[in-house]
Amino acid sequence: MAKEMYSCIFHGRRSLDLQKWRSFFQKRSAFSNSFSSVASAAHLSPRDGRKGKNFTVSYLVDSLGLTTKVAESISRKVSFEDKCNPDSVLSLLRSHEFTDSQISNIIKMYPLLLISDAEKSLGPKLQFLQSRGASSSELTQVVSKVPKILGKREGKSISRYYDFIKVIIEADKSSSKYEKLCHSLPEVSRQDNKIRNVLVLRELGVPQRLLFSLLISDSGPVCGKEKFEESLKKVVEMGFDPTTSKFVKALHVFYQMSEKTIEEKLDVYKRLGFSVEDVWVIFKKWPCSLKFSEEKITQTIETLKMCGLNENEVLQVLKKYPQFIRISEQKILSLIETFLGVGFSRDECVMIVKGFPMCFGLSAETVKKKTEFLVKKMNWPLKSVVSNPAGLGYSLQKRIVPRCNVIKALMSKGSLGCELPSVASVLACTDQTFLNRYVVKHDDKLLVLKLMTWLSSPSIRLHRSEGL
């Protein structure tokens, strides 16, 4: 019965069981939907929101040369419906000799700059820094490294941060300068603690990009003294690599949580079936795992069980990919519904989740496009996708389509016989293995050249045998 409930027909028709699943899903989300409808009434209509987002994306692509994907990501953080303000910000930066490349990087790191007041806020701050003797090259270098500095208040605050960022950039050229800097700082204020702690982290090997975010932050693990030292000791003893963001994330967690809170979090995981060793292995993979409540962790586990995984399978998935703890119930159920909608059975959904847990990071549209391409365009059966679910994680334009172009071309010439190669042999291998297996081994140099063209042209549609 359970298997039937999760099944649906692939070619267009919705089954009664899928309708039951949707009904169940809608009931689970009824409260949140009613709440969100009330909340949305107080804001812009969806049409207005889409208009602003679409304009923002077009502007970023046209004015800064950003890719559509990057522009869409930025549009989720900042949105505008006319070019007046962003134009004035870009003009101001160019007037201070920032290059187009620097401006693009600045906006990618700090998109809120586009809606700042160029005349009343940004301009005076840049002028203030120049009045203190900053050369154009020095100013553009520092602001390009840490654009959030322009979000600081004009005066002593922005001046102090600017000087310290400049010191770090210079000290990077000579590591011996760090020790001198550490010993020269007085133990006076919270800000001095922050600077001292950032220097300690730099000596350990934490890179500039992570240091600057800590420095500019108004709260965080570098603000204290004793607590910072205790937290840093724990992170170092656990073996975190200081050159990675995990090191800083772990530092945040230990700094924010008391020993008592950490013990309580360990108890939560133990009650749910994890060992203490499991918890720390998970923490090493994803430090944020200790920040979630028992309710949220339990909800994720129960939702995965509802999708067909048994308790041991759920624990294995979360130990391997602990980031899934943060995925909402709605996201999980929606993805399962998508799998059912394109023809997978309930048991096949479970196999996909177990074989490729990262599937929960995919959008419904992505799953549909890739599945339909592999099944309808390439004629691989659904069971081939189930056996190789990681194929759903590959880029459609950069990997799947180009490689399938090559396979279709070879099939049309009879070079591969009448049997289509497996999904794994085509998609799972490295680029070099694929070249050796399907491209460069042919004696026909013209054929090899054409295959290389198909492989390097993701924008070309799937080959249908013309021209070969």
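**Notebook: an all-residue pass, then selected sites**

I began with burial over the whole chain: buried residues make up 44% of its 468 residues. The model I am reading is a predicted one.

I next looked up the secondary structure and found 27 helices and zero strands. Of the contacts in the chain with a separation of 6 or more, 68% are between residues 24 or more positions apart.

**Entry: cysteines**

I searched for disulfides and the count came to zero. Cysteine 84 has a relative accessible area of 60%, so I list it as exposed, the cut-off being over 50%. Cysteine 223 is at 7% relative accessibility and therefore goes down as buried.

**Entry: asparagine 197**

Cysteine 223 came up again here, as a contact of asparagine 197. I placed asparagine 197 in helix α12, which runs over residues 190–204. Its relative accessibility is 4%, so it counts as buried. What does asparagine 197 touch, leaving aside its neighbours within four places in sequence? I noted Pro221, Val222, Cys223, Gly224 and Phe228. With glycine 224 there is also a polar approach: a polar atom of the asparagine 197 side chain lies 2.6 Å from the backbone oxygen of glycine 224.

**Entry: glutamine 208**

I found glutamine 208 in helix α13, residues 208–216. Its relative accessible area is 14%, which is under 20%, so I record glutamine 208 as buried. Its side chain and that of lysine 145 are joined by a polar contact of 3.2 Å.

**Entry: threonine 303**

Threonine 303 sits in helix α18, residues 294–306. I have it as buried because its relative accessible area is 3%. Which backbone oxygen lies 2.7 Å from a polar atom of the threonine 303 side chain? I traced it to glutamine 299. Leaving aside neighbours within four places in sequence, I list Glu329, Ile332 and Leu333 as the residues in contact with threonine 303. For isoleucine 332 I also took the C-alpha separation: it is 7.4 Å from threonine 303, with the two residues 29 apart along the chain.

I started with helix α26, residues 431–439, where I found Phe434, Leu435, Tyr438 and Val439 buried. These four are on the same side of α26, because they cover an arc of only 100° around the axis. The spacing is what I would look for: an α-helix has 3.6 residues a turn, so residues three or four places apart point the same way.

Helix α24 spans residues 396–413 and helix α27 spans residues 445–455. They pack at an angle of about 145°, and their axes are 7 Å apart. On the α24 side I listed Pro402, Arg403, Asn405, Val406, Ala409, Leu410 and Lys413. On the α27 side I listed Leu447, Leu451, Trp454 and Leu455. How do the residues of this contact divide by type? I recorded eight nonpolar, one polar and two charged.

How values were computed: Residues numbered from 1 in each chain as written. Predicted model: local features only at pLDDT ≥ 70, side-chain atom pairs only at ≥ 80, totals over all residues. Heavy atoms only, no water. Axes fitted to C-alpha atoms, helices over the stretch in contact; angles between N-to-C directions. Helix = DSSP H or I, 4+ residues; strand = E, 2+ residues; numbered from the N terminus. Contact = heavy atoms within 4.5 Å. Nonpolar A, V, L, I, M, F, W, Y, C, P; charged D, E, K, R; others polar. Buried < 20%, exposed > 50% of the residue type's maximum accessible area, 1.4 Å probe, protein only. Polar contact = N/O pair within 3.5 Å; in protein donor to acceptor, adjacent residues only side chain to side chain. Disulfide = S-S within 2.5 Å. Arc of directions from axis to C-beta.
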